Amino acid sequence: MNRFCLPASIALAAAVAASVARADTPTGEVEIGLGHLSDGAYRYGNEAGVNEAGLAAVLDLELNASADPASGETGYWTLEAKRLGLETGRVELEAGEQGRQRLRLEYREIPGYRFDEAVTPLRGAGTSTLSLPPGWEAADASTTGMTRLEEHLEEVNLWQRRRSLGLEYQRHLDRQWTVSADFRRQTLEGTRVLGGATGAHGGNVRALLLPAPLDYDTQTAALAIAYTGSGYYWSLGYQGSFFNNRAGTLLWPTPFGQHPQWAPGTGYPEGQNQLALEPDNQAHQLRANGRVNLPGRTRLHLDAALGRQTQDEAFLPYTVNPRIDIEAPLPRDSLNARVDTTRLKARLTSRPTARLNLVARLGYRDRDNQTPIEAYQRVRSDASAQQAYVDARLNRPYSLTEREASADAAYRLARGLRLEAGYEFTQTDRDYSEVARTDEHGLKLGARSTRWNSVALSLDYRRLRREASDYVGNRPLVETHVPGSVGEEDFENHPLLRKYYLTDRDRDQWRLRMDWYPSSSVSVGSTLAHNRDDYPAGYLGLTQAEMLSATLDITYAPTEDVRLSGFVNRDRYRRSQSGRSFRGSVSEDAWDPERNWQTRARDRFTVGGLTVDWEGLEPRLLGWQPQGDLDLSLSLSQSRSTGEVVTETGPALAAAPLPELTTRLDRVSVQARYHLSERSSLRLEVERERYRSEDFALDSLAPDAHPNVLLMGRTSPAYRTTWVVLGYRLSF
């Protein structure tokens, strides 16, 4: 694994600091530590920054310097570096002159570890070109025909690492004018899982999981100028985003033998497949916003933005199979995509009386997709003859227009008692969608009470109702085919199916919060929240969704040096979904209620923790009392989750029960800092973590468990490990 480059980072930080601020000799602290991980634990590295057993060096650094005010200088700089030597290291530098200018530099690494025991016969994992090993055998178009599969399997790690570098600068030209700039670069690299397929239609598709590359580079730039006047403020800015995918394509050989329904040369050993990954693109936006004070304790806030997003990555060919004749070329060299965006927001706040606060909002958002529409005569999955023009598919340039309006009022009815009410409305127009328009109305009510010295209460209720225009389920099908090639009654999704985000919906939400202070050393907080979504009866799709959440947190601080805190949170999610299984080749299936199915899913999450902090302890060892004192912290946490899916089917179908999904996480952490003197101390950190999970979608599934799908043999993560760090801190 690559480690953080400490010398280069500090050199860059020092150079920037010297160029911006002149300051006195720095003060601060440095801590050098040595850590040891008892057992390798792949996912443990997501937070700890280390997952390989053995030793690892850790460095923390904090420096501060500022000029002596008596000298007339106002320069300062601060440098902070945390967890250098681990995968989660970061460096932050800020330098400037008080009231005039400020510069900030930040570098950060964020790892993401998924699986380290996946297997694949493909070589070149994480690159754009995959291959099969020498001696590969495929007797037929199934995994059972891969007679030497087991001996060709190799382990592959599935991971990602995000690195970000940011530079911010702000300068006050005078008391009214300010300019600012922000530049950032973020890279993402690693190996992920993508699904690949070879096949001409649903009856002969053969699929596999591919160890695909991650190699992104995103650069953003923002420039702005702002003016602050007497009773008003405005700013004008530009923001640009530039995305580059250095791994723009993925090429892999077909591991399955030739299927009789595939085009010639599609199966092993000749078959090749190619997939376009995320294309390069860029986005630009101009933004203006401002605020003006009006008479009667009223303020008006305005925000407007115009944007453009473009993508002109060159198309890949219809197929990489040289034995498939391409009679019609691609209609264009690239998608030449363009989306223009407009966003307007206005907010008016007023306090007409001492007891009444009013807020009104208006919003407008338009996404105008100007991408040209063409007919694409595809070669499906590199395994079929090119489609005739009558079977071609048209791309859909989705557009959307959204209008919002809302009003909120808060009234202080009596001392310590405030009532709140609000109304909101959202109207959304879409094209190339099953629904042309949705209207959503919302009502909010709330109350806040602090009438009692030791108790604070709040209650919020929200009712949302979404109403959709006529649902035309086959509209996307008709609008993406050559006119006249699809009948008005044809469909892909069942006519009774309703997408949950487009159809009518009633939503009820309420939240109750109580804070209790029985004494000056004890505080208790509790929250209870409930959400429920109901969808129209008589249709297929999501029919109901519900969430219930309860939280309790307690803090006890008997003295300034001792603090005990704990919490517990429990969430429960329920949802119901219905559908009908039908075969496209048997039209009667679509209208057979005996092929109906329904699932009820329930997920439960429980998280709890306890922390004890004790400062200024005077330890004794066998009657001997050291000169220094000890700060001690103990933390315990536990997390549990379970998921259940129950399926019921009609007489024409059969479904086996699914196993329960579970995760278990237990963590114990002890941190002790012994102060040798005012300027030096020793730190000992011990963390023990245990993680277990069971997922039926992963466990007990060998790579050849399904005859038509080549899997990666992943298993649910499980580990136990102990992380110990001993460090020495020096202040100066």
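This is a predicted model: local features need pLDDT of at least 70, side-chain atom pairs count only at pLDDT 80 or more; totals for chains, interfaces and linings use all residues.

Student: Which parts of the chain does the pair of Trp177 and Trp234 tie together?

Tutor: Trp177 belongs to strand β7 (residues 177-198) and Trp234 to strand β9 (residues 232-245), so the pair ties together parts that are 57 residues apart in sequence. Trp177 counts as partly exposed because its relative accessibility is 28%. Trp234, with a relative accessible area of 32%, is also partly exposed.

Phe491 is partly exposed, at 28% relative accessible area, whereas Trp591 is exposed, at 52%.

Student: Which charged residue sits over the ring of Phe115, and how far is its charged end from the ring centre?

Tutor: The charged end of Arg43 sits over that ring, 5.1 Å from its centre. Arg714 also lies over the face of Phe115, at 5.3 Å from the ring centre.

Student: How should I read a nonpolar core?

Tutor: The general idea is that, in soluble globular proteins, nonpolar side chains tend to be buried together. In this structure, the largest nonpolar core has 18 residues, and Leu210 and Leu250 touch the most other members. Strands β8 (206-229) and β10 (249-253) each supply at least two residues of this core. The greatest share, 3 residues, is given by β8.

Student: Which residues does Leu210 touch, leaving aside those up to four places away in sequence?

Tutor: Among them are Leu122, Leu130, Val193, Leu250, Trp252 and Met712. For the protein as a whole, 37% of the 732 residues count as buried.

Student: Is Asp303 buried or exposed?

Tutor: Asp303 counts as buried, because its relative accessibility is 14% and the cut-off for buried is under 20%. This residue lies in strand β13 (residues 298-311). Its side chain makes a polar contact with the side chain of Arg287, at 2.7 Å. Beyond residues up to four places away in sequence, Asp303 touches Arg287, Ala288, Asn289, Arg343, Leu344 and Lys345. Note the case of Arg343: Asp303 and Arg343 are 40 residues apart in sequence, and their C-alpha atoms are 8.0 Å apart in space.

Student: What share of the contacts between residues at least 6 apart in sequence joins residues at least 24 apart?

Tutor: The share is 65%.

Student: How should I read the pairing of strands?

Tutor: Strand β1 (residues 27-37) and strand β31 (residues 719-731) pair in the antiparallel sense over 9 bridges. Within β31, Val725 stands opposite Gly35. Strand β29 (residues 680-694) also runs antiparallel to β31, and 12 bridges join the two. Glu687 has Trp723 in β31 as its bridge partner. The protein as a whole comes to 4 helices and 31 strands.

Student: What should I look for in the backbone itself?

Tutor: Most residues other than glycine have a negative phi, and most peptide bonds are trans. A cis peptide bond joins Tyr268 and Pro269, with omega about 15°. Pro269 has its place in the loop between β10 and β11 (272-276).

Student: Where is Arg297 found, and what is its phi?

Tutor: Arg297 is found in the loop between β12 (281-294) and β13. Its phi is near 50°, a positive value in a residue other than glycine. Arg297 counts as exposed, at 53% relative accessibility. Asn336 likewise has a positive phi, near 50°, and is found in the loop between β13 and β14 (337-353). Asn336 is partly exposed, with a relative accessible area of 41%.

Note on methods. Residues are numbered from 1 along each chain as its sequence is written. Side-chain values use heavy atoms; hydrogens and water are left out. Buried means under 20% relative accessible area, exposed over 50%, partly exposed in between (1.4 Å probe, protein chains only). Contact means heavy atoms within 4.5 Å. A polar contact is a pair of N or O atoms within 3.5 Å; within protein, one must be able to donate a hydrogen and the other to accept it, and residues adjacent in sequence count only if both atoms are side-chain atoms. A nonpolar core is a set of buried Ala, Val, Leu, Ile, Met, Phe, Trp, Tyr and Cys residues joined through side-chain atoms within 4.5 Å. Two strands pair if DSSP finds at least two bridges between them. A charge sits over a ring if NZ of Lys or CZ of Arg is within 6 Å of the ring centre and within 35 degrees of the ring normal.
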